[in-house]
Structure formats: C-alpha cells, structure tokens
Amino acid sequence: MKQGFTLIELLVVVLIIGILSAIALPQYEKSVNKARGAEALIAAKTVADSANLFFLERRQYPTTVSELTIKAPSLEYFTLTAAQDGAASKYKIELDSNTAYATVVVSCSRGKVVARYCTGSECEDFFSCKSSSNTSEGAPSGACLL
C-alpha cells in the first residue's frame, strides 16, 4: 500500500494557505501604515516642541527649519515642511505622505500647539482619529483630528 497525499488533499491545503494569506496581507499593510503614521506624529511633535522653545526664547518663530535647536528627524515616507504662518507669532508644520493622500498639519501660536489634524482621503489609513464637524478645534471642517 502506497502512502502519500492525494491531489485533492494538496489542492485543499494550497487553497487554505491562499485564503489565510489574502486575509493577513491587508492587515499587515494596515499595521505598517499605522506605524508610519506614528513616526510622522512623533516627528511633527518634535518640530513643534522645538519651534515653541524657539518662540519662547526669542518671541518669534524661526524662518527656516535649520534654525531649530532640535533638528527635524529624517522621514522616509513623509516630507516635512515648516515655516511661519503669516506672522512671527504663528508657525505651521506640514508632513505630506509620499505614498498616499494624507497631510498632517500642526499649527502653533505664541508657544503652544493650537491644532493637530490630517487632511486627505487616506488619513484613516495612517491615524486613529475623529472627524472635525466645526472649525472651533482649529482644523478645517471634515479634517481628521489627531
């Protein structure tokens, strides 16, 4: 009597592995995106804290990121831009995703963070956030509050 697996048994095993892979891959990608979003938020907080320290020392925000005492971290999946937001007492930090439609915005005014939100159709892929229904939080209507 020969021992071994039949063709049907092998096909069933391959089918089960395929189904498990189809379920696991999207969850893995979601976890990776959440980690990238967390990295972006940490970078934004670092730059905001450094800019606020700069403001508290000099009563104005820096004109370039290179003036900050704490250097902005380098990010692989987001592009960081920061500059005064129309006045010396306002500062805006933006992190644009290189791979998706998501932009993190952190606004500072007079040494404090006044708004943290995400705009774009893919914010939910990176962040656990709530929708903004009004602009009292400092974010545009429909933005994803962080």
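Let's start with Leu-15. At 54% relative accessibility, Leu-15 counts as exposed. Leu-15 lies in helix 1. Now look across to Glu-76. Leu-15 and Glu-76 are 61 residues apart along the chain. Their C-alpha atoms are separated by 36 Å.

One caution before I go on. This is a predicted model.

Stay in helix 1 and move along to Ala-43. That residue also belongs to helix 1. Is Ala-43 buried or exposed? It is buried, with a relative accessibility of 2%. And what does Ala-43 touch, leaving aside residues up to four places away in sequence? Pro-73 and Leu-75. Compare that with Gly-18. Ala-43 and Gly-18 are 25 residues apart in sequence. In space, C-alpha to C-alpha, they are 38 Å apart.

Now the overall layout. The protein chain has two helices and six strands. From the N terminus on, the order is α-β-β-β-β-α-β-β. Helix 1 covers residues 7-58.

What about dimensions? Taken along the principal axes, the C-alpha atoms fill a box of roughly 90 × 35 × 20 Å. The radius of gyration is 22 Å. A compact globule of 146 residues would come out near 15 Å. Of the 146 residues of the protein chain, 32% count as buried. The accessible surface comes to about 9,200 Å². Carbon and sulfur atoms account for 58% of that surface. Then contacts. Take those between residues at least 6 apart in sequence. Among them, 36% join residues at least 24 apart.

On to charge. The protein chain carries 14 positive and 14 negative charges.

Side chains of opposite charge can pair when their charged atoms come close. How many salt bridges does a search of the whole structure find? Three. Let me take them in turn.

Lys-45 is partly exposed, at 47% relative accessibility. Asp-49 is partly exposed too, at 33%.

Then Glu-57 and Arg-58. This salt bridge spans 3.6 Å, N to O. Glu-57 is exposed, with a relative accessible area of 56%. Arg-58 counts as partly exposed, at 45%.

That leaves Glu-94 and Lys-92. In this salt bridge the closest N and O atoms are 3.5 Å apart. Glu-94 is partly exposed, at 23%. Lys-92 is partly exposed, at 26%.

Now a charged residue without a partner. Find Arg-36 in helix 1. Arg-36 is buried, yet it has no salt bridge. Which side chain of opposite charge is nearest to Arg-36? Glu-39, at 6.6 Å. A salt bridge needs the nitrogen and the oxygen within 4 Å. What surrounds Arg-36 instead? Not counting residues up to four places away in sequence, Arg-36 touches Tyr-77, Phe-78 and Phe-126.

Last topic: backbone angles. Most residues other than glycine have a negative phi. Two arginines here deserve a look.

Take Arg-59. Its phi is positive, near 65°. Where is Arg-59 found? In the loop between helix 1 and strand 1, the strand being residues 78-84. At 54% relative accessibility, Arg-59 counts as exposed.

Then Arg-110. Phi is about 55° here, again positive in a residue that is not a glycine. Arg-110 lies in the loop between strand 3 (103-109) and strand 4 (112-119). Arg-110 is exposed, with a relative accessible area of 56%.

To recap on screen: please find the three salt bridges, then buried Arg-36, then Arg-59 with its positive phi and Arg-110 with its own. That's my tour.

Terms used:
Residues are numbered from 1 along each chain as its sequence is written. This is a predicted model: local features need pLDDT of at least 70, side-chain atom pairs count only at pLDDT 80 or more; totals for chains, interfaces and linings use all residues. Side-chain values use heavy atoms; hydrogens and water are left out. Helices (H or I, at least four residues) and strands (E, at least two) are DSSP runs, numbered from the N terminus. Buried means under 20% relative accessible area, exposed over 50%, partly exposed in between (1.4 Å probe, protein chains only). The radius of gyration is taken over C-alpha atoms; the globule rule is 2.2 Å times the number of residues to the power 0.38. Contact means heavy atoms within 4.5 Å. Accessible areas come from the Shrake-Rupley method with a 1.4 Å probe; for residues, only the protein chains shown count as cover. Lys and Arg count as positive and Asp and Glu as negative; His and the chain ends are not counted. The place of a charge is taken as NZ of Lys, CZ of Arg, CG of Asp or CD of Glu.
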